[in-house]
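Please keep the sequence and the structure at hand while reading.

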Amino acid sequence: MAVTNKSRAKAQAEGKKVANGDVEEVKKQEHDDAHVDADDDPKGHPGTKKRSRSPQGGGVAGARDAKKHKNAYELKGKVATAEVAAKVDEDPPLDQLLRLLQQKHEKVEKGESVVYWMRLEDIRVEDNTALATAANKAEELEVPLIALTVLSPGDWKMHDRGPNKIDFVLRNLRWVKRKFDELNIPFHVLTLEKRLSIPRRLVEEVFPHLRAKHVYANIEYEVDELRRDIATVKKAREKGIEVVCVHDRLVVPPGKVLSKQGKPMSVYSPWQRAWAKVLEDEPELLEMSQIPSANDESIRKHEHFGKLFEATPIPDHVEGFELKDGEKIRECWPEGTDTAKELLDRFFHTKARKEQLQLVSPLREGAERDDKKSRLAVYTDGRNLVNGDHSSRLSPYLAAGVISGRMVINAAKQVNKRGKLESGRDTGTGMWVQEVAWRDFYNHVVATWPRVSMGRPFLEKFADVQWEVNEEHLQAWKDGKTGYPIVDATMRACKARGWMENRTRMIVASFLVKSLMLDWRLGERYFMETFVDGDMAANNGGWQWTASTGTDPQPYFRIFNTLTQSEKCDPNGDYIRYWVPELKNLKGKAIHDPYHNMPSSEFKKLGYPAPIVDHKQSRERALFRYKNVGEKEA
C-alpha cells in the first residue's frame with residue numbers, strides 16, 4: 001500500500017490540525033464596495049454586547065435590551081434557539097472530536113481489513129488523506145484495504161440536499177468505484193435512511209461485517225456530522241475498534257489561522273493574509289497524499305471479501321432525489337477527477353467564450369489556448385462577468401471533493417515561474433486563490449462558531465429583523481419572474497443547470513433579502529436544494545454576508561442596485577437574452593430594464609412581468625427594518 005505524505009502524517013500524529021481543501025470557488029460572496037450602490041450613513045446601527053467567545057475583529061452579539069418580536073417567517077426544525085446555539089459555541093463539536101481522538105486507548109487488535117470511510121465530500125482517489133492513511137495502515141498490518149460509503153437519504157433531506165447534488169454525487173461514486181476496482185479495492189456502499197442510527201449500525205453491524213478493527217475518515221465540519229463522528233468513535237472504542245478522523249477538506253485546517261493574540265478571526269482580509277502566511281511557513285500543508293497501491297489480486301477470490309466487489313452496487317438514483325430530464329445538466333457537469341483536472345487546465349490556459357454561457361458542456365471543443373489572455377490571467381475583471389465562461393466551473397468538483405484544494409493551489413503555484421503562491425488582489429491568479437481562501441474561511445467560521453450551521457445569524461443583534469411573509473414573491477424569485485431581467489435570467493439558469501456565477505449569486509441574494517425583505521434562510525435553503533455545488537459553509541456564509549448578519553458582512557445600509565449590477569455584469573445583455581427569451585429582441589438599456597424603457601403598449605406585448613417591487617421603496621423599507629431591529633415601518 002502507498003504511504004501518506006510523511007510530513008503531513010507526522011503533523012497528524014503530533015495532534016496538529018492538518019487539512020486539505022474542499023473549495024468552492026463561486027460560493028463565497030465577497031464584499032466589494034465598488035460594486036454596491038448605497039448610502040454610507042451608519043447612524044442607527046444597532047449596538048452589541050461582547051461575549052466571551054467574541055471573534056477577533058467583530059463578533060457575535062449577546063442579548064439586547066430592545067423589545068423582541070417574533071420573526072415573521074419560521075423555518076420549522078431549522079433554527080435553534082439563541083440559548084442552545086450559544087451553548088454549542090462554548091465547546092464546539094470539532095474541539096470535542098479532536099480531544100477525543102487525542103485520548104489514549106487500549107491496544108487495538110489487527111483485524112482482517114482496514115476500512116476507509118468515504119464521505120460525500122472527498123469522492124476521489126488522488127490526494128485523499130484518510131484513504132492514504134488507511135492504505136498505510138493496511139500495508140503495515142498486511143491486510144487488505146476496503147472502501148466504504150454511507151448513503152443517507154434522511155440526512156440529505158435534513159440538510160436540504162437536492163436531486164442535482166445527489167445525482168452528481170452518485171455519478172462520481174460510480175466513477176471512483178471503477179478506480180477502486182482497478183486497485184482491487186472493494187467498495188462497500190450502504191444505504192441507511194435514519195441518519196441518527198448511523199453510528200450504531202456502523203459499529204454493531206458494518207465494521208464487524210467487514211472484519212475491520214481500524215477505520216479512517218476525513219473530518220466534516222458541520223455540527224451534525226461532527227456529532228455523528230463523535231458518537232461513532234465512542235461506540236467503536238467500546239467494541240475494540242479504532243476510528244480515526246483526519247483533516248482533509250481544507251487547504252489550511254481550522255485552528256491554524258489566528259490573530260497575533262492567538263484568537264480566531266472573523267474579518268476576512270486579515271484572516272486571508274494570515275492564511276497565506278501559514279502556507280508560506282508550513283509548505284507541508286500543500287504536499288499531496290499518494291494514490292494507494294493495489295490490493296493483492298487474490299482478494300477477489302477471498303471467500304468473504306471477494307463477494308464485496310459486486311455486493312452493493314451504486315444506485316442510478318435514490319428515491320426522493322430523482323433527477324428529471326437530467327441529460328442536459330449531466331452534460332454541464334461531467335463526472336470524475338480527470339474532468340476536474342481538464343477544467344482546471346482550461347481555466348488556466350484558454351480564453352473565455354461567449355457561447356459557454358449557454359446550457360452546454362464545459363468541455364466543448366474550440367477553446368483557444370492563450371496564457372496571456374486566459375480566464376485565469378484576466379480573472380480580476382472576468383470574475384464579475386456572466387457573458388461567457390469566465391469562472392473555472394470547478395465549484396461542484398471541489399464541493400464534492402472530486403478534486404482537492406491542494407491540487408488546485410499547487411497548480412496555481414506552477415503558473416508563477418518562481419513557483420510562489422500569489423494571493424493578492426492585483427493579479428488574476430492571486431484573485432482566484434483568494435476564492436479558494438474564502439472557502440476555507442467560511443469552513444473555519446462553521447468549525448469555530450457552529451451556531452451558524454444551526455440556523456442562527458452570526459450577529460445575533462440582527463436575529464429579530466422583521467421579514468415579510470409573501471409566498472407569491474418567493475415563488476416569483478424562484479421561477480425567475482420578478483420583472484428584473486438579471487434576477488430572472490439568473491434564477492432560470494439556476495433551475496436549468498443547478499449553478500450560477502458568483503456575481504449573480506450576490507445579485508439575486510440581495511434582491512431576495514433587501515428588496516423583497518424575505519428571510520435569508522429561505523434563500524439559503526433553496527440554493528442548497530437546487531445547486532449541484534451545494535455546500536453548507538460557503539452557502540451560509542454567502543447568505544449571511546448578503547443579509548448583513550454574518551462574519552465581516554456587507555453593512556446593512558449597503559444595498560445592491562439591481563439595474564446597475566445588471567449593466568456591469570452583463571454589459572451587452574447576452575446572458576439575459578439567452579436565459580429570458582421573452583427579451584431576446586431587446587437592445588440597449590431596455591434589456592436591463594424593459595418596464596421603464598419601453599412604451600407601456602410595447603412592454604405588454606413581451607409577455608414579461610412588470611417589476612414585483614419598487615427598488616426605491618424596498619430600499620427604504622430594508623433600511624428602516626435593519627436600523628430599527630424588531631420593528632416594522634408604520
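Q: In which helix is A537 found?
A: A537 is found in helix 21, residues 536–546; helices here are DSSP runs of H or I with at least four residues, strands are runs of E with at least two, and both are numbered from the N terminus. The model is a predicted one, in which local features need pLDDT of at least 70 and side-chain atom pairs count only at pLDDT 80 or more, while totals for chains, interfaces and linings use all residues. Residues are numbered from 1 along each chain as its sequence is written, and side-chain values use heavy atoms, with hydrogens and water left out.

Q: Why is A537 called buried?
A: Buried means under 20% relative accessible area, exposed means over 50%, and partly exposed lies in between, computed with a 1.4 Å probe on protein chains only. A537 has a relative accessible area of 1%, and therefore counts as buried.

Q: What does A537 touch, not counting residues up to four places away in sequence?
A: A537 touches E222, R439, Y442, N443 and V446, where contact means heavy atoms within 4.5 Å. For V446, which lies 91 residues away along the chain, the C-alpha atoms of the pair are separated by 6.2 Å.

Q: How many helices and strands are there in the protein chain, and what share of its residues is buried?
A: The protein chain has 26 helices and five strands, and buried residues make up 61% of its 634 residues. Of the contacts with a separation of 6 or more, 81% are between residues 24 or more positions apart.

Q: What makes helix 9 roughly perpendicular to helix 16?
A: Helix 9 (residues 268–281) and helix 16 (residues 428–448) pack at an angle of about 105 degrees, with their axes 10 Å apart. Axes are lines fitted to C-alpha atoms, for helices over the stretch in contact, and angles run from 0 to 180 degrees between N-to-C directions. Angles under 35 degrees count as roughly parallel, over 145 as roughly antiparallel, 65 to 115 as roughly perpendicular and the rest as oblique, so helix 9 is roughly perpendicular to helix 16.

Q: Which residues meet in the contact of helix 9 with helix 16, and how do they divide?
A: From helix 9 come Y268, W271, Q272 and W275, and from helix 16 come V433, Q434, A437, W438, D440, F441 and H444. These residues divide into seven nonpolar, three polar and one charged, with Ala, Val, Leu, Ile, Met, Phe, Trp, Tyr, Cys and Pro counted as nonpolar, Asp, Glu, Lys and Arg as charged, and the others, Gly among them, as polar.

Q: Why is helix 17 called roughly perpendicular to helix 18?
A: The axes of helix 17 (residues 471–479) and helix 18 come within 7 Å and cross at roughly 70 degrees, and that angle makes helix 17 roughly perpendicular to helix 18. W477, K478 and D479 of helix 17 make the contact with V487, M491, R492 and K495 of helix 18; by class, three of the residues are nonpolar, none is polar and four are charged.

Q: How do you know that the buried residues of helix 2 line one face?
A: The buried residues of helix 2 (residues 82–90) are A85, A86, V88 and D89. Seen down the helix axis, they fall within an arc of 160 degrees, so they line one face of helix 2; the arc is that of the directions from the helix axis to the C-beta atoms. The face turned away from this buried side carries the exposed residues E83, K87 and E90, and what covers the buried residues includes helix 3 (93–102) and helix 8 (223–238).

Q: What makes N128 buried, and which partners does its side chain reach?
A: N128 is placed in the loop between strand 1 (113–118) and helix 4 (129–141), and its relative accessible area is 0%, so N128 is buried. The side chain of N128 makes a polar contact with the side chain of Y116 at 2.8 Å and reaches the backbone nitrogen of L131 at 3.2 Å. A polar contact is a pair of N or O atoms within 3.5 Å; within protein, one must be able to donate a hydrogen and the other to accept it, and residues adjacent in sequence count only if both atoms are side-chain atoms.
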